[in-house]
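Let's take a walk through this one together. Have the viewer open and follow along as we go.

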Amino acid sequence: MRTATAIRASLVLLGALCLSASAGQSGPPAPAAPSSAAAKAPPTSPAASPKTMTEAGRQAFLDRLEKDLGAIRTLKAYFDQEKHLSLFTDVVHAEGVCLFVRPDTIRFEITKPFQSVLITREKAVAKYDCIDGRWRKIPLREARILLMVTSQIASWLGGHFRDQSDVYDIAVTADKPHTIILTPRHEEFRKHITVIELGLSEDSARVSTATIREPGGDFTRMTFTREERDIAISADVFDTAGAAPAELDRHAPRREAPASPKTAKDGSP
Amino acid sequence: MTAWGEDRDSREARCRSRGAIVFAAGAVLANLLAHGCASVPYDRGVPFQDEALVARLVRAAAEMYPPSLRADQVVALEAGGRRMDHFRVCALARRPDDVRLVAISDFGNTIFDVVRTPGGTRIVKDCPEVPRRWLTEAAARDIAVAYLARPSPQARLVRHDDGTVGLVEDLRGGRCREFIFDPAAGRLTGYIEARGNRLVYRAAFSGYRMAASWPRQVPGAIDVTDFRLDYRLTVQVLDVGARPLDDKVFSERP
């Protein structure tokens, strides 16, 4: 049952990967030497068996990411989402923005071609959609699972990719720009998701893409742009009690960082 | 029949004992009594003759969408009185009755995948969180009603007190269906199915606007109520466009 819950949580998690993790600015990690004894490559990766880092190199790389990402207090990033369906000759597009405040406050918002907002903050979760110009709060049955998911996201945002090593095999491509490859361990999970790829920027300072691949060739790619770090973000945009989400435009982040995490308006430590 | 609000895990667990089955049957009956039999009266309207009007409305309905299309929409499902999460539905539809729909979450992952052809409905990818009965009986039907169902030239013309006119056709099993139009604009504003004097299904089309990928005004909103299955579906149409489709699309995996 626990496994089933974990799998279900992981399924919900999928796109949540898109809540852009990003590495710090302290410079790229040392490149690892490619090796034939590299960490296990994802068997279902669409790329032709990309060369991956050795175990030692991967651990060093993830150590560096963990250290750098751990320094980020707040994050805002816009994203373009492309869903590639094998049935369709073109892609399904969406746009949005995501906000993160350490340790576990997240807002994931679709802005085009429709409007939807998911907010998780500590133990509270709220989801809204806008139909006919009117925001509605959606009663959530799976709030517990969403919290599990966002907790997992938060740990990734903190660079703790290895926390889910019981759910995913982790590999990192040897060549730049590096890609973190997460392959679900559970067969049941792989029936839905074959692999998740987090593409890093050339300097490995941020995640620039997140790709979720499904059986049969369908995949979703999120491309992150206009990333801002350590900006002050109003607590209002993370309010989960309201009948409608606070508008982001009214609470545009300022370009100064909060004095300390404890002084962030959202009250998170 | 199962209650809409239960997820599949809980249903399976409940059915492990005979007592649970009896309990479930009671719940089903209660659900039927509380919801399944709910319906509203069917206004049959007043029959009248106007062959030119029939021809105009039939043509308007036929030209409303291309015969083979792709439609993109966001749908919100309320089943058994409980609002569920929304999902984006990408649909491929081809006259007379072929539908393929794929639902995706805000995060982009596929939630479910359903195919409907004259041979029946198949679930290519299932989703435990979505009421199974809606998936098997209603999801593709709703898409077919929205984009494929059209009145025949033999339909009977009726006039309603609110000024709308309808084209009525008999269906099997003592049922009938009616396509409702705003006669002045020549626009389809509703679709209903009735048994006797009671509505069993209703779809309202509103918010007409130009589609990005089809040079005609199409409904921006479709509001579906199924009184028999007890659900309501709110559809926000994002785009519609012509799309040649071959038979492979309506097989399970092209």
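Start at A:Pro103, which sits in the loop between strand S2 (92-101) and strand S3 (105-112) of chain A. What is the peptide bond from A:Arg102 to A:Pro103, cis or trans? In this model, which is a predicted one, that bond is cis, with omega near 5°. There's another such spot in chain A: the bond from A:Lys176 to A:Pro177 is also cis, with omega near -10°. A:Pro177 belongs to the loop between S7 and S8 of chain A. Both are worth a look because most peptide bonds are trans.

Now zoom out to chain A as a whole. DSSP elements here come to 4 helices and 11 strands. Where do the strands go? They line up in an open sheet of 11 strands, in the order S6-S5-S4-S3-S2-S1-S11-S10-S9-S8-S7, with antiparallel pairing. At the edges you'll find strand S6 (134-137) and strand S7 (168-172) of chain A, each of which pairs on one side only. From one strand to the next, the twist averages 20°.

A:Ile181 has A:Glu197 of S9(A) standing opposite. As a reminder, strands of a sheet pair through backbone hydrogen bonds.

Most residues other than glycine have a negative phi, yet A:Glu122 has a positive phi of about 50° without being a glycine. A:Glu122 is found in the loop between S4 and S5 of chain A. A:Ser204, not a glycine either, has a positive phi of about 60°, and its place is in the loop between S9 and strand S10 (207-213) of chain A.

Are these two buried or partly exposed? A:Glu122 has 14 other C-beta atoms within 10 Å, so it is partly exposed. A:Ser204 counts as buried because it has 21 C-beta neighbours inside 10 Å; the cut-off for buried is 20 or more.

Burial across the chain is the next thing to check. Of the 269 residues in chain A, 47% are buried. Contacts in chain A with a separation of 6 or more are 59% made up of residues 24 or more positions apart.

What about the nonpolar cores? In soluble globular proteins, nonpolar side chains tend to be buried together. The largest core here has 68 residues, and the members touching the most others are B:Ala91, B:Ala93, B:Leu101 and B:Trp134. Helix H4 (residues 132-147) of chain B supplies the largest share of this core, 8 residues. Apart from this core lies another, of 51 residues, with A:Tyr128, A:Ile153, A:Ile170 and A:Leu200 among them. Leaving aside residues up to four places away in sequence, B:Ala93 touches several residues, including B:Leu69, B:Ala71, B:Val99 and B:Ile143.

Finish where the chains meet. The contact takes 28 residues from chain A and 25 residues from chain B. On the side of chain A that touches chain B, helix H1 (2-16), strand S1 (74-84), strand S4 (116-121) and strand S5 (124-131) each supply at least two residues. Which element gives the most to that side? H1(A) does, with 4 residues. By type, the residues on this side of chain A divide into 16 nonpolar, 6 polar and 6 charged.

Technical notes: Residues numbered from 1 in each chain as written. Chains lettered and ligands numbered in written order. Predicted model: local features only at pLDDT ≥ 70, side-chain atom pairs only at ≥ 80, totals over all residues. Contact = placed C-beta atoms within 7 Å. Nonpolar A, V, L, I, M, F, W, Y, C, P; charged D, E, K, R; others polar. Core = buried A, V, L, I, M, F, W, Y, C linked by C-beta atoms within 7 Å. Buried ≥ 20, exposed ≤ 12 C-beta atoms within 10 Å, placed from the backbone. Pairing = 2+ DSSP bridges. Axes fitted to C-alpha atoms, helices over the stretch in contact; angles between N-to-C directions.
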